[in-house]
Amino acid sequence: MTTTAPDPAAPLVFDTAVLGRTSGTTMHVAREIAAPEAYGLEVYAVQRSSVIDLDLHLTAVSEGVLADAEVEAVAEGECARCLAPVQDTLKVHVQELYAYEGSVTDATTDADEIMRLDGDLLDLEPAVRDALVLAMPVTPLCRPDCPGLCADCGVPWDDLPEDHGHEIVDPRWAGLEKLRLADTDGESK
Ligand SMILES: [Zn+2]
Ligand SMILES: [Zn+2]
């Protein structure tokens, strides 16, 4: 059940020993941390080492420690339609119970349902990562009505004149068109 033990030095691992397992005791952590890894996809993510703004309250309850956090981070990527750079500020709320080892909750639930404390260490990273990834748009856009790229020439519509189009026949083909018409005329006579 236990995977790798949380690293006490990791930016999203908190030592809850000060709470003394006394219900109602609370601690507040407000800090900026560097994202330990990139969260998201290659085309759109909270980049590794970018700033994550964390405002965390940890409260001891009978079964464990309740984490309640406001998390703010900037996600960067490219617009799915026009490939222009996109930057969004994601704000998420994380609320998660971390059960004490040996508690009733520990004995009666799965670790993938309810998180666990590792000794006194609380690893908030998976919850923060999941919340940020869930808050990401399925289709990142530079703006909601981004017109995308011209399907014929691949130039962003924003950079093209309003009357841009490709229906005008190439002059060389226009020449052939005339010849073909002349030829047909000749045959009909
Ligand atoms: Zn766009
Ligand atoms: Zn075009």
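Let's start in the middle of this predicted model, where the largest nonpolar core brings together 39 residues. V46, L56, L58, V71, L124 and L132 are the ones with the most contacts inside that core. Six elements each supply two or more residues: strands β2 (26–34), β4 (44–46), β5 (51–61), β6 (64–78) and β7 (85–99), along with helix α2 (125–135). The largest share comes from β6, which puts in 6 residues. As a rule, nonpolar side chains in soluble globular proteins tend to be buried together.

V71 is a handy place to look around. Setting aside residues up to four places away in sequence, V71 touches I52, D53 and L54, then L90, K91, V92 and V94, and finally V128 and L132.

Now for the metal. The zinc ion (ligand 1) is held by the SG atoms of C79, C82, C142 and C146, at 2.3 Å. Along the chain, these donors follow the spacing C-x2-C-x59-C-x3-C. What is the geometry here? The angles subtended by the 4 donor atoms run from 106 to 113 degrees, so the arrangement is tetrahedral. For comparison, the ideal angle for four tetrahedral donors is 109.5 degrees. C79 has 0% relative accessibility and therefore counts as buried. C82 is buried too, because its relative accessible area of 12% falls under the 20% cut-off.

One last stop is M115, in strand β8 (residues 115–116). Beyond its neighbours within four places in sequence, M115 contacts E96, L97, Y98 and A99, as well as P126 and A127. Take A99: it sits 16 residues from M115 in sequence, yet their C-alpha atoms are 6.2 Å apart in space.

Notes:
Residues are numbered from 1 along each chain as its sequence is written. Chains are lettered from A and ligands numbered from 1 in the order in which they are written. This is a predicted model: local features need pLDDT of at least 70, side-chain atom pairs count only at pLDDT 80 or more; totals for chains, interfaces and linings use all residues. Side-chain values use heavy atoms; hydrogens and water are left out. Helices (H or I, at least four residues) and strands (E, at least two) are DSSP runs, numbered from the N terminus. Contact means heavy atoms within 4.5 Å. Donors are N, O and S atoms within 2.8 Å of the metal (3.2 Å for Na, K and Ca); water is not among the atoms, so sites may look incomplete. Four donors count as tetrahedral if all angles lie between 85 and 135 degrees; four count as square planar and six as octahedral if opposite donors are over 155 degrees apart and all others between 65 and 115; anything else is irregular. Buried means under 20% relative accessible area, exposed over 50%, partly exposed in between (1.4 Å probe, protein chains only). A nonpolar core is a set of buried Ala, Val, Leu, Ile, Met, Phe, Trp, Tyr and Cys residues joined through side-chain atoms within 4.5 Å.
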